[in-house]
Amino acid sequence: MADSPLLWWRRQGLRFRLTMAAAAVLALALALSASVLLSVLDRALMDTVDESVGQQAQAVRVAADAGTLTSPITTHDGTVVQVIDAQGRITHVTYGADRLVPLLDARARAKVLRDGRATQLDGRPYALPGFLRVVVLSADRGQTVVAARPINEIRTSLGTAGRVLLVGTPALVVLLAVASWIMIGRTLHPIAALRKGAADITHTARSRRLPVPQSRDEVHSLATTLNGMLARLEEAEQRQRALVSDAAHELRSPLASIRLQLEVALGHPEGQDWQETAEGVLEDAMRLSRLAEDLLALARLDERGGVPARNEPVDLDEVVRQIADRYGEARLTVCDPVVVRGDALDLNRVLTNLMDNAVRHTTSKVEVALTADGVLTVTDDGPGIPEQDRERVFNRFTRLDSGRSRDEGGAGLGLAIVRETVRAHGGTVALEDASPGLRVVVRLPVSR
Ligand SMILES: Nc1ncnc2c1ncn2[C@@H]1O[C@H](COP(=O)(O)OP(=O)(O)O)[C@@H](O)[C@H]1O
Ligand SMILES: [Mg+2]
C-alpha cells in the first residue's frame with residue numbers, strides 16, 4: 001500500500017528533512033531571483049537600444065526637415081534607417097538598406113507613431129539578422145523616418161546569462177544541500193551520543209553520566225541538565241538504599257533480643273520466670289513498633305514532598321497543653337490562642353518527640369513555652385548537645401553516643417521527623433544551649 005507523501009515525509013530522519021527543506025527553499029529563492037534578474041536585464045538593455053535608435057531617428061528627422069539628407073544616410077552604430085515620403089515611397093536609406101520595401105507598412109507605422117514606443121520586428125524577411133527594435137518618427141511634408149537596430153547580440157548575451165544561471169543555480173543548490181547535510185550531521189552527532197549514553201545507563205551499573213559535548217550550545221545545556229537530573233536521581237536512590245539498610249540494622253537488634261530471650265526460656269524451661277521473659281519481649285516489641293511508626297511517618301513526609309497532610313487551623317496552645325499534661329513534670333507557659341495552619345496529628349508528633357527527648361535527658365525539670373507569635377520552646381537541664389552536633393542530630397538514624405547507651409532511646413529518627421514536619425508547615429527548628437541543658441526552638445507561622 002502506498003503511503004501518503006506527508007506520512008512518508010514525517011517518517012524521514014531529521015537530517016534528511018532539514019537538508020531537503022533548506023535545499024527547496026534555496027532553489028525556489030534562486031529560481032525567483034534568476035528570473036527577476038533576467039527580465040530586469042532584458043528590459044534595461046532594450047531601453048538602452050530604444051533610446052539610441054530613437055536618437056538616430058531624431059537626427060535623421062532633423063536633417064529631413066532641413067532638407068539636408070544625404071544618400072545614403074550615414075549612421076555610426078549600424079542603425080538601419082528608411083525615410084518614406086507622403087506617397088509611401090522610400091526616398092533615402094542607410095547603406096545596404098532595402099530601397100523598395102518599407103520595414104513597416106503604412107498601418108504598422110501609424111500604430112507605432114500612435115503608441116510612441118519602439119516595436120519589435122523579425123528582420124529576416126528584410127535580409128537583416130535576427131530581431132530588430134524599430135522606432136518611427138514623422139517629419140515635415142508627410143515624411144516618415146523608420147529606424148531599426150538588430151538586437152541579436154543582446155539576445156545572445158541574455159541567452160548566455162540564462163544558460164549560466166540554469167547550470168549555476170542547481171549546482172549552488174546541490175552545494176548547499178551537501179553542506180547542510182554535513183553540518184546537520186555534525187550537529188546531530190552529540191544527540192546521537194546522548195541517546196547512546198542514555199541507552200548504556202539502563203544496561204550498566206549506576207553512577208553513569210551522559211557525554212557532554214564540547215560546544216556550548218543547546219545540546220550542551222541539555223546534557224548538563226540531564227546529568228544534573230541523573231545526579232539527583234542517583235542521590236535519591238542512594239538515600240533510599242541507606243534508609244533501607246539503616247532500618248534493617250535497627251530491626252535486627254530488637255529481633256535478636258526477642259529471639260535470644262525466647263531461646264533461653266525454651267532451652268531451660270525449669271525455673272523460668274515467664275513473667276520476666278514476657279516483659280522483656282514486650283519491651284522489644286514496643287521498640288519495634290515505635291520504629292515502624294517512625295519509618296511510616298517519614299515515608300509519608302517524603303511522599304507528600306514538603307506539604308502537610310492537611311491544611312486546617314490547629315489550636316497549637318491546645319496541643320501543647322494536652323501533651324504537657326501527659327508529661328507530669330513539665331512546667332508550662334502557654335499563651336492563648338495560637339492558631340497555625342496544618343495537621344494537628346503531625347504537630348502532635350513534633351511535640352511528643354521533643355518532650356520524649358527532653359524528659360529522657362533532663363536531670364530535674366522540663367519547661368515548655370509557647371508565645372503568641374508561634375515560637376514554641378522545649379527546654380531541659382540535661383547534658384545538652386555540643387555545638388558541632390547540633391546540625392547532625394537532625395539526620396535520620398543519628399544518635400549521639402550518650403543517647404545510644406540509654407535504653408529508652410529511639411532509633412534516631414525523632415528529630416528528623418520534627419524538622420521535616422516543621423518545614424512542611426513552613427517553620428524552622430533550632431537547637432540552642434540552655435546552659436545547662438538544651439533548648440529546642442520551633443518557629444511556626446501563625447495564622448490570624
Ligand atoms: N534534649 C536533649 N538533650 C541532649 N541530647 C539530646 C536531646 N534530644 C536529642 N538529643 C540527642 O540527639 C539524638 C537524636 O535525637 P532523636 O532524633 O530524637 O533520636 P532518638 O531520640 O531516637 O535517639 C539523640 O540520640 C540524643 O543523643
Ligand atoms: Mg527522640
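Two residues count as being in contact if their C-beta atoms, placed from the backbone, lie within 7 Å. With that in hand, let's look at V320: skipping neighbours within four places in sequence, V320 is in contact with V334, L351, V368, L370 and L376. This is a predicted model, where local features need pLDDT of at least 70, side-chain atom pairs count only at pLDDT 80 or more, and totals for chains, interfaces and linings use all residues. Residues are numbered from 1 along each chain as its sequence is written, while chains are lettered from A and ligands numbered from 1 in the order in which they are written.

**Cores**
- A nonpolar core is a set of buried Ala, Val, Leu, Ile, Met, Phe, Trp, Tyr and Cys residues joined through C-beta atoms within 7 Å; buried means 20 or more other C-beta atoms within 10 Å of a residue's own, exposed means 12 or fewer, and partly exposed is in between.
- The largest nonpolar core has 35 residues, and L316, V320, L351 and L354 touch the most other members.
- Among the elements giving two or more residues to this core are helix 7 (316–326), helix 8 (344–361) and strand 9 (366–370), and helix 8 supplies the largest share, six residues.
- Helices (H or I, at least four residues) and strands (E, at least two) are DSSP runs, numbered from the N terminus.
- There's also a second, separate core of 28 residues, which includes V53, I73, A97 and I151.

**Domains**
- The chain splits into domain 1 (14–155), domain 2 (219–304) and domain 3 (312–443), with bounds from an automatic or database domain assignment.
- The C-alpha centres of domain 1 and domain 3 lie 107 Å apart.

**L266**
- You'll find L266 in helix 5 (residues 218–267).
- L266 is exposed because it has 10 other C-beta atoms within 10 Å.
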